[in-house]
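The model is shown first, and the notes follow by topic.

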Amino acid sequence: MAESFIALGLEEVIFLILLGLFGGMLSGFIGSGGAFVITPGMMAIGAPGAVAVASNMCHKFPKAMIGAWRRVRVGHLDLRLAALMAPSAIAGVQVGIYVQGMVAEALGPAGTDLYVSTAFLIALPIVAVISFRDVIKARKYGIEDTEPEFAKNLERRFKIPPMIKFRVAGRTQSLWLTIPTGFGTGFLAATIAVGGFIGVPSMIYIIGAPAFIASGTELGIAFVMGSTGTFTWAYTLGAVDFRMTALILAGSLLGVQIGAVGTTYVREYFVKLAMAVVMLLVVLSRALAIPEILYRLGWISLNEASIPILEQLSFWIMVAAMVAGTPI
């Protein structure tokens, strides 16, 4: 896939460093926010979907290692939960990379763009709406965060052994709940490089972990997924652009520390608020990119004069997502 690597000028270099800084802040703060900004951010400057996903996964694991260490120190990472979700998450990553390879072989770079963008358009609005609902309820009742009723019901009724006590998360749940949540986290990580997008909500709404614990635990899982997934991406598909990886990592290593510290100073529902706002802007950015992708595939006709306009709109909405998330 080397022919799919884009040219990097000064503007792209600056953008990628700033993208890494903001993505790192979100990742440290939310545990999942960095990836769903960084992947479409790379695509907004022309990187094919598979290359963006693979390069993001490569940059993610050293950043996740640093963020996880800081979250351990402030007590926001459940090591037992991370260890039990990690094996199925690794399996999910490998399956996801295999699917990406099939799409790339069948439809080329434009096909992976469509696959990744469509996944964003389907997945992100669902979690954004759920997160906004919880933020409204938390602000209405003046509480730190809402407590998911579904997770409490599972704890009472789903008692298939072995039952595991997650001391940091404050829950006792069946081991069998961690396997599908881990696999889903890994598969989505290899599909759109946003494993935490499913991992954090699943730990909140299925396991019942507080938002800060879920986001911190996801960083530990992300380190394992990223280190194993990067090897597979690079070895089997040659899809890792180490130039973009290095530039994003340069910014994100600082950003993730800022984000991790920030979790100790805000109410828990602000994690969900930041996540929801950025998600919706990312969805809009990817939606504007869809017509140009379909045109490249030959599936629709499009006035070529409109393509640069759509590309610029997609790019600047990505910038807006970065700007909007920072003050939150």
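The lining of the largest pocket consists of 12 nonpolar, three polar and seven charged residues. The model is a predicted one, and the volume of this pocket comes to about 460 Å³.

**Largest pocket**

- The lining of the largest pocket numbers 22 residues, and those closest to the centre are Met43, Ala44, Ile45, Gly46 and Glu311.
- Two or more lining residues come from each of helix 1 (10-30), helix 2 (35-44), helix 4, helix 10 (269-297) and helix 11 (306-325).
- With six residues, helix 10 gives the most to this lining.

**Second largest pocket**

- The volume of the second largest pocket is about 210 Å³.
- Its lining is made of 12 residues, and Ile198, Pro201, Ser202, Tyr205 and Ile206 lie nearest the centre.
- Helix 4, helix 6 (175-192) and helix 7 (195-207) each give two or more residues to the lining of the second largest pocket.
- Helix 7 gives the most here, with six residues.
- By class, the lining of the second largest pocket has nine nonpolar, three polar and no charged residues.

**Cavity**

- One cavity of 30 Å³ or more is found when the whole structure is searched.
- The largest cavity holds about 60 Å³ of space.
- The residues that line the largest cavity are Ala35, Asn56, Met57, Lys60, Ala189, Ala193, Ala222, Met225 and Gly226.
- At least two residues of this lining come from helix 3 (49-73), and at least two from helix 8.
- Six nonpolar, two polar and one charged residues make up the lining of the largest cavity.

**Helix 4 and helix 8**

- Helix 4 (residues 79-141) packs against helix 8 (residues 211-237) at an angle of about 30 degrees, and the two axes are 9 Å apart.
- Because angles under 35 degrees count as roughly parallel, helix 4 is roughly parallel to helix 8.
- The crossing of the two helices is right-handed.
- On the helix 4 side, the contact is made by Leu81, Ala82, Met85, Ala86, Ala89, Ile90, Val93, Gln94, Ile97, Gln100 and Gly101.
- On the helix 8 side, the contact residues are Thr217, Ile221, Val224, Met225, Thr228, Gly229, Thr232, Trp233, Thr236 and Leu237.
- The residues of this contact comprise 13 nonpolar, eight polar and no charged.
- Met225 of helix 8 takes part in the contact with helix 4 and is also one of the residues lining the largest cavity.

Methods: Residues numbered from 1 in each chain as written. Predicted model: local features only at pLDDT ≥ 70, side-chain atom pairs only at ≥ 80, totals over all residues. Heavy atoms only, no water. Axes fitted to C-alpha atoms, helices over the stretch in contact; angles between N-to-C directions. Helix = DSSP H or I, 4+ residues; strand = E, 2+ residues; numbered from the N terminus. Parallel < 35°, antiparallel > 145°, perpendicular 65-115°, else oblique. Left-handed = near helix turned anticlockwise from the far one by under 90°. Contact = heavy atoms within 4.5 Å. Nonpolar A, V, L, I, M, F, W, Y, C, P; charged D, E, K, R; others polar. 1 Å grid on protein atoms, 1.4 Å probe; cavity = no way out; pocket = protein on both sides within 12 Å on 5 of 7 lines; lining within 4 Å. Points joined across faces, edges and corners; volume = space filled by probe spheres on them.
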